[in-house]
Amino acid sequence: MTALTGRYEMYGMDSKSGSTEMKLLRVDMGTERIQSEDVAEHYALLGGRGLIAALLLAELEPACDPQGPDNRLVICNGLLAGTLAASSGRISVGGKSPLTGTIKEANAGGTAGLALARLGFRGIVVSGESERLKVLVIGPEGARLEDAPELALRGTYDTCDMLRARYGDDISILCIGPAGERRYLNSSVQVTDREGRPARAAARGGLGGVMGARGLKAVVLQGGKEKPVFADAPRFRAASKAYMQALRKHPMTGNILTRFGTASLVGAVNEMGAMPTRNYSSGSFEGAAALSGEHMAELQTGRKGSMTHACQTGCPISCSNVYNGPDGKYLTSGMEYETIALNGSNLSIDDIDVVALIDRLCDDAGLDTMETGATLGVAAEAGLLSYGDSARVLELIRQMAAGTPLGMELGQGTERFGKSMGVTRIPVVKRQALAGYDPRALKGTGVTCATSPMGADHTAGNAIGMPGVDPLSPHGQVEVSRGCQQVMALFDSLGMCIFAGMPADNPEVFGLLGEMLAGVYGGDWPPERLLGLGTETLLRERRFNLLAGIGEEEDDVPPFMRTEELKPHDAVFDVPREELKKVFDFAASGQGNQPG
Ligand code: SF4
């Protein structure tokens with residue numbers, strides 16, 4: 001780590017500023033030993049995904065069995081958590097993924113990132129295993145583990161109600177559902193939103209199962225009052241205010257996402273021919289209009305739901321939604337484009353109320369909606385259900401929640417289930433399902449999904465709408481993906497939402513991120529230092545994967561996408577494999593960062 005320390009000294013950092021005083025909580029579920037420690041100096045300017053990568057690389061044997069006793073669950077907020085910078089309260093959850101076998105970070109909105117910061121913590125490292133189901137309660141007076149047998153196999157909505165009855169209304173919760181307790185490979189960690197609903201998900205990679213294997217049902221965060229110490233509060237405030245204004249002025253973050261949420265992408269992605277349809281056999285869906293954000297908005301106006309909802313305090317974008325069912329009562333919240341694509345068009349379902357019910361069932365069971373929809377698409381290809389058969393889809397998801405033998409099989413995720421059924425068209429990279437953007441018609445995102453250390457993950461660097469790049473052309477996509485992946489690794493380390501990054505393609509706005517960090521931590525944060533945070537994170541993740549036995553030979557789209565033409569553009573994924581090897585060649589691209 002000496003190289004990193006050297007870099008901090010080069011740019012400068014105040015010794016007592018911002019989150020440099022944050023603590024790390026270590027919890028051994030086997031011995032029930034709980035320790036709070038200062039964040040080590042070499043981790044002091046790392047947060048979220050960046051800190052998870054550094055901690056796991058330093059402390060976890062990469063070749064360990066992700067379903068075994070040695071794996072760890074790491075929960076971190078970002079470098080700007082607690083400051084009320086726009087949309088900066090995301091919470092990152094990490095570990096070695098039982099789904100992909102790679103390092104994994106998945107992050108969620110909701111209130112937990114801020115609540116953890118208010119308690120003075122940058123992160124929690126959970127190791128060991130408890131035979132009895134436990135809840136970890138963290139408050140101003142300390143942290144403790146409590147038995148929670150009454151929560152066993154409870155859905156997340158019930159779990160949160162019961163935890164509020166026990167610990168009071170003013171708490172934030174991270175919890176798992178029956179899917180995590182059963183250690184499904186498609187299980188999520190659910191996080192409560194401002195209304196206390198467990199509708200936000202650190203969805204990907206089976207991290208719910210990593211939490212379940214520790215015997216940890218929930219983390220309850222209560223009553224923190226800590227505030228960050230600013231190195232230069234006026235500098236932070238000026239930059240934060242300017243960033244907020246940039247978000248409000250941007251056509252997506254100040255208008256489209258606020259009015260229609262990410263469901264606004266249904267029309268755009270369908271128009272591009274990249275919307276997964278019937279297990280990725282077409283890129284456009286004839287029923288897309290019925291799944292669109294505009295249609296959702298019409299329905300919700302009549303039902304008194306809302307298409308403008310902030311999942312966390314301090315988000316001016318408010319892309320989330322509150323979806324009321326046909327009876328006018330609350331059904332689900334935070335229903336995203338990817339959930340709609342994988343469980344709507346991918347299963348040939350054009351009834352948005354059915355997709356909303358799927359979203360609710362998955363959130364309650366603690367299932368990744370994307371992996372679930374992709375698995376059911378493969379199941380349809382295998383003849384286990386018919387495309388468009390909503391009743392059968394709902395029944396199979398309920399089987400997953402109930403843990404029937406078939407439900408347990410489906411819970412193994414898309415690749416394992418598909419292979420067990422003899423399916424060859426399996427839309428995964430590194431065993432994780434592609435989420436909503438067909439790589440053949442959106443090749444920059446395809447490069448990201450092919451090469452990300454996380455396995456197929458659009459949030460690792462979604463190249464949708466990149467100016468000057470034809471999404472159908474193989475040219476220029478490696479450079480586009482490299483830039484997107486660096487920036488997203490940065491945002492995931494700041495704890496800022498992916499959508500808050502939209503105005504940052506303007507260099508002046510991007511520079512405001514450095515100004516905010518300088519206001520919190522002191523020192524200088526020029527653009528190359530900001531990007532360096534992303535680069536170092538990616539290189540650490542790649543290093544972890546290499547040590548786990550997963551190298552660049554796994555960096556590619558599913559084989560059928562290289563040969564099978566996708567309607568309506570008759571496109572195949574034709575970015576050469578040799579080109580994919582250049583994505584992380586930062587030295588050749590003029591950036592020489594190496595991980596410490
Ligand atoms: S933009 Fe949407 S997902 Fe991101 S923090 Fe705001 S409401 Fe949550």
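Tutor: Helices (H or I, at least four residues) and strands (E, at least two) are DSSP runs, numbered from the N terminus. By that count the protein chain has 22 helices and 17 strands. The model is predicted, so local features need pLDDT of at least 70 and side-chain atom pairs count only at pLDDT 80 or more, while totals for chains, interfaces and linings use all residues. Residues are numbered from 1 along each chain as its sequence is written, and side-chain values use heavy atoms, with hydrogens and water left out.

Student: What percentage of the residues in the protein chain is buried?

Tutor: Buried means under 20% relative accessible area, exposed over 50%, and partly exposed in between (1.4 Å probe, protein chains only). The protein chain has 596 residues, and its C-alpha trace spans about 60 × 55 × 50 Å along the principal axes. The buried share is 64%.

Student: Among contacts between residues at least 6 apart in sequence, what percentage joins residues at least 24 apart?

Tutor: Contact means heavy atoms within 4.5 Å. Among the contacts of the protein chain between residues at least 6 apart, the share that joins residues at least 24 apart is 71%.

Student: Is Ala 108 buried or exposed?

Tutor: Ala 108 sits in strand β5 (residues 103–108). Beyond its neighbours within four places in sequence, Ala 108 is in contact with Arg 90, Ile 91, Val 191, Arg 200, Ala 201 and Ala 202. Its relative accessible area is 0%, so Ala 108 is buried.

Student: How far apart are the C-alpha atoms of Glu 338 and His 458?

Tutor: Glu 338 belongs to helix α11 (residues 337–343) and is buried, with a relative accessible area of 9%. Leaving aside neighbours within four places in sequence, Glu 338 is in contact with Met 370, Ala 435, Tyr 437 and His 458. Glu 338 and His 458 are 120 residues apart along the chain, and their C-alpha atoms are separated by 9.4 Å.

Student: Why does the distance between the ends of helix α18 agree with its number of residues?

Tutor: The expected span of a helix is 1.5 Å times one less than its number of residues. Helix α18 (residues 477–494) has 18 residues, so it should span 26 Å.

Student: How many of the residues of α18 are buried?

Tutor: Helix α18 is mostly covered. Just after α18, Gly 495 takes a positive phi of about 85°. Of the 18 residues in α18, the number buried is 15.

Student: At what angle do α17 and α18 cross?

Tutor: Two packed helices are described by the angle between their axes and the distance between the axes. Axes are lines fitted to C-alpha atoms, for helices over the stretch in contact, and angles run from 0 to 180 degrees between N-to-C directions. Lys 443, Gly 444, Val 447, Thr 448 and Thr 451 in α17 meet Gln 477, Val 478, Ser 481 and Gln 485 in α18. The axes of α17 (residues 443–451) and α18 come within 8 Å and cross at roughly 65°.

Student: Which residues come nearest to the ligand?

Tutor: A residue is near a molecule or strand if one of its heavy atoms lies within 4 Å of it. There are 13 residues around the ligand. Those that come nearest are Cys 311, Gln 312, Cys 315, Cys 319 and Cys 497.

Student: Which elements are included in what covers the buried residues of α14?

Tutor: Helix α14 (residues 390–402) has 13 residues and should span 18 Å, which agrees with the 18 Å between its end C-alpha atoms. Its buried residues are Ser 390, Val 393, Leu 394, Leu 396, Ile 397, Gln 399 and Met 400. What covers them includes α12 (352–365), α13 (369–381) and α15 (405–410).

Student: What is the phi of Arg 183?

Tutor: Most residues other than glycine have a negative phi, and most peptide bonds are trans. Arg 183 lies in the loop between α5 (178–181) and β10 (189–191) and is partly exposed, with a relative accessible area of 35%. Although Arg 183 is not a glycine, its phi is positive, about 60°.

Student: What is the omega of the peptide bond from Lys 567 to Pro 568?

Tutor: Pro 568 lies in the loop between α21 (560–563) and α22 (577–580). The peptide bond from Lys 567 to Pro 568 is cis, with omega near 5°.
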